[in-house]
Protein chains: 2
Amino acid sequence: MRVTIADVAGAAGVSKTAVSFAFNNPEKLGQATLERVLQVAHELGYTPHPAARALSLRRSGTIGVLIPQRLSTVFANQFLSELFQGLGELVEEHDLTLLLVPPLAGSLEGAIRQASVDGFISLGLSPDDEALATLARIGIPTVLIDSEGSAEHPAVNVDDAGGAEAAARHLLDLGHRQLAMILLPPTRAQAGPTPTSARRLAGYKAALAGFDAPIPYQVTAGATMPAGARAFESFPKGRRRPTAILAMSDMAAIGVLGAAEAAGMSVPDDLSVVCRARP
Amino acid sequence: MRVTIADVAGAAGVSKTAVSFAFNNPEKLGQATLERVLQVAHELGYTPHPAARALSLRRSGTIGVLIPQRLSTVFANQFLSELFQGLGELVEEHDLTLLLVPPLAGSLEGAIRQASVDGFISLGLSPDDEALATLARIGIPTVLIDSEGSAEHPAVNVDDAGGAEAAARHLLDLGHRQLAMILLPPTRAQAGPTPTSARRLAGYKAALAGFDAPIPYQVTAGATMPAGARAFESFPKGRRRPTAILAMSDMAAIGVLGAAEAAGMSVPDDLSVVCRARP
DNA sequence: TTGTAGGCGTTATCAA
DNA sequence: TTGATAACGCCTACAA
């Protein structure tokens, strides 16, 4: 049986209040009482029950991270990995803990119910996901990352357009005029370019608007090395051969590097390649 | 204000028990009542308070993972990453969630107190860590990974000796007789070989015992590529040149690969290299 | 089938 | 400074 505050109070010959104070408001207790209570508590191995504490304080001290993917895929993802590093440092500063909340038996909503958290951080949840509505109804503060914000849920997002524009301008500033863009493929869910792809493309175009360069060659490639290599093969040859590549996917860019090397080209001497760390 | 079970009961015109049953023992309710309660609960956005539930059920539905390192370092570690993949799948099967518990303000003990968990999995905690004693006193079931087990705490560990023996035997079976071993360096904390290094070395020796091979060349190298390259440089030349390497560190092994290639050797034609995925 | 009441372990209010 | 006592929100015998 777990040692409760009453056990400690009994053993130390004081009231439950005194024991509680010993842990939470030590200054409200006499020196002698305080020491005795703490001593007894330690001997008995007493620790406040977190759930009882959370219930009473109406605060659990943990932040939940809503993960729409399976937990197993999270750790392989470079972007998420870095995100967690930052989150980890941040919550630590505030004496909080992180609760990773992947879908429970396929459903995020079920998982949300289980989780005793003070707030959620949601990763890339679709804006129309049921879970977000649930969260709003229950009234748990939630911040979105990588998805469209809404009235009840503020969002933090990567500046796709700005980043893309900076990347493109960098190449143009270097003097490159024959560019090639490797775009992200549409996802299965929806036809047409993904919002991310569209925003980055807009950024590229914004940069180009300030320069007198021919329209860049465009090709779509999945986020894999072979896809990147195929994209490289598809580039125009001769005069219109691109001298710089804007790749939206890291993996595709790596594929380009390999293909370029195989073709006897040197990066960055013969070819410049820019990409993003985001998948 | 959070919607409670009483609010739902009031709105639906039933008792709190009925509402509770609707969620936990639906079969104990009449069809009509059940539907009405569920309907009202949904409209009001009611969800059982996890802390209250945990307190009452004496079970929180989450497993804590005790991480002696800072959370930020965890995601960079290949071994831990794979471990989490497995853990993630496992807890999911049982409708549990994983709570990552890094040191809170530098102290694991403080973090343990915050965490409302049914049990802990501890990663590489030193057997004499205060936190383990605390855990035992409080009485939270705990399993150790990567550390010595004890009476109160069972442990799950990598079979260092067995794995090393298998690796060495594999090379010997391939016909190699001139082996080199790249051992792990002692940690700063203690002089002499680490327990891991010692167990693997014992495994290597056990394999060698069954073969008529000269005593392998031994060199110690840190878990870095340059250290591996230096180890390669230190190998004997000529007749006693090793034809196969047993490396205890992946990174060192990669260093060996690079150095071998630079030296014009082909792997595995001129040299065999075996290593382990564990850091 | 439904309702009443007590307990889970803390914290916090209010007297003493 | 200390000690009862009432929340906190839920679950669950037990009784009706």
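1. In chain B, the side chain of B:Thr17 has an N or O atom 3.5 Å from a base oxygen of DNA strand D. Please keep in mind that this is a predicted model.

2. DNA strand D is surrounded by 25 residues, and A:Thr17, A:Thr33, B:Ile5, B:Arg53 and B:Ser56 are the closest. Of the atoms of DNA strand D that come within 4 Å of the protein, 69% belong to sugar and phosphate.

3. Which element gives the most to the surface near DNA strand D? That is α4(B), with 5 residues. At least two residues each come from α2 (16-24) and α4 (50-57) of chain A and from α2 (16-24) and α4 (50-57) of chain B. By class, this surface has 12 polar, 10 nonpolar and 3 charged residues.

4. Turning to the protein partners, 40 residues of chain A are in contact with 39 residues of chain B. The two chains bury about 4,100 Å² between them, with 60% of it on carbon and sulfur atoms. Across this interface there are 0 salt bridges and 4 residue pairs in polar contact. On the chain A side, α6(A) provides the largest share, 6 residues, and the classes divide into 19 nonpolar, 13 polar and 8 charged.

5. Do look at the strands too: β2(A) and β2 of chain B (residues 97-101) run antiparallel and are joined by 3 bridges. There, A:Leu98 stands opposite B:Leu100.

Note on methods: Residues are numbered from 1 along each chain as its sequence is written. Chains are lettered from A and ligands numbered from 1 in the order in which they are written. This is a predicted model: local features need pLDDT of at least 70, side-chain atom pairs count only at pLDDT 80 or more; totals for chains, interfaces and linings use all residues. Side-chain values use heavy atoms; hydrogens and water are left out. A residue is near a molecule or strand if one of its heavy atoms lies within 4 Å of it. A polar contact is a pair of N or O atoms within 3.5 Å; within protein, one must be able to donate a hydrogen and the other to accept it, and residues adjacent in sequence count only if both atoms are side-chain atoms. Helices (H or I, at least four residues) and strands (E, at least two) are DSSP runs, numbered from the N terminus. Ala, Val, Leu, Ile, Met, Phe, Trp, Tyr, Cys and Pro count as nonpolar, Asp, Glu, Lys and Arg as charged, and the others, Gly among them, as polar. Contact means heavy atoms within 4.5 Å. Buried area is the accessible area (1.4 Å probe) that two parts lose on being put together, summed over both. A salt bridge is a side-chain nitrogen of Lys or Arg within 4 Å of a carboxyl oxygen of Asp or Glu. Two strands pair if DSSP finds at least two bridges between them.
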